[in-house]
Amino acid sequence: MKVELHCHTNISDGSCSFGELLEVAKRESIGHLAITNHDTTMGLQEMVEKGKEKGIEIIPGIEVSGYDFARGRRVHILGYFVEYGHKALEEHDNIWCNHCPDVGTFSGWKYLD
């Protein structure tokens, strides 16, 4: 069994479309493919359906951006089997994608020590 648990499409910062990723997965005999685009679940439902047609289980995922204030750097958290289209994820998408964090600031809110 081959599994790929961290994969981005061109919806995020990947260079391939979902269809191209499916073809690579099929060629490499990958049976389970997690799509973990940055800060969005856009297109995941369609990807899950298309994966079934090709005999590949698509694991709906996300790579959530965050900020480690203690270390002063961005961090990423992988999530698997997310509920695509969930209101909380959509709100996160809108907030994060529109506000790149600076030290001490995240998504327009000021954090105080």
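Q: What does contact mean here, and which residues does Thr 9 touch?

A: Contact means heavy atoms within 4.5 Å. Not counting residues up to four places away in sequence, Thr 9 touches Gly 14, Cys 16, Phe 18, Leu 21, Ile 35, Asn 37 and Met 47. This is a predicted model, in which local features need pLDDT of at least 70 and side-chain atom pairs count only at pLDDT 80 or more, while totals for chains, interfaces and linings use all residues. Residues are numbered from 1 along each chain as its sequence is written, and side-chain values use heavy atoms, with hydrogens and water left out.

Q: Where does Thr 9 lie, and is Thr 9 buried or exposed?

A: Helices (H or I, at least four residues) and strands (E, at least two) are DSSP runs, numbered from the N terminus. Thr 9 lies in the loop between strand 1 (3–7) and helix 1 (18–27). Buried means under 20% relative accessible area, exposed over 50%, and partly exposed in between (1.4 Å probe, protein chains only). Thr 9 has 0% relative accessibility, so Thr 9 counts as buried.

Q: Which residues other than glycine have a positive phi?

A: Most residues other than glycine have a negative phi. Among those with a positive value are Ser 29, with phi near 60°, and Asp 39, with phi near 55°. Ser 29 is found in the loop between helix 1 and strand 2 and is exposed, with a relative accessible area of 54%. Asp 39 is found in the loop between strand 2 and helix 2, and counts as buried at 3% relative accessibility.

Q: In what sense do strand 3 and strand 4 pair, and where does a glycine take a positive phi?

A: Two strands pair if DSSP finds at least two bridges between them. Strand 3 (residues 57–68) and strand 4 (residues 73–80) pair in the antiparallel sense over eight bridges. Asp 68 stands opposite Arg 73 in strand 4. The hairpin of strand 3 and strand 4 has four residues between the strands, and there Gly 72 takes a positive phi near 65°. Gly 55, which follows helix 2, also has a positive phi, near 80°.
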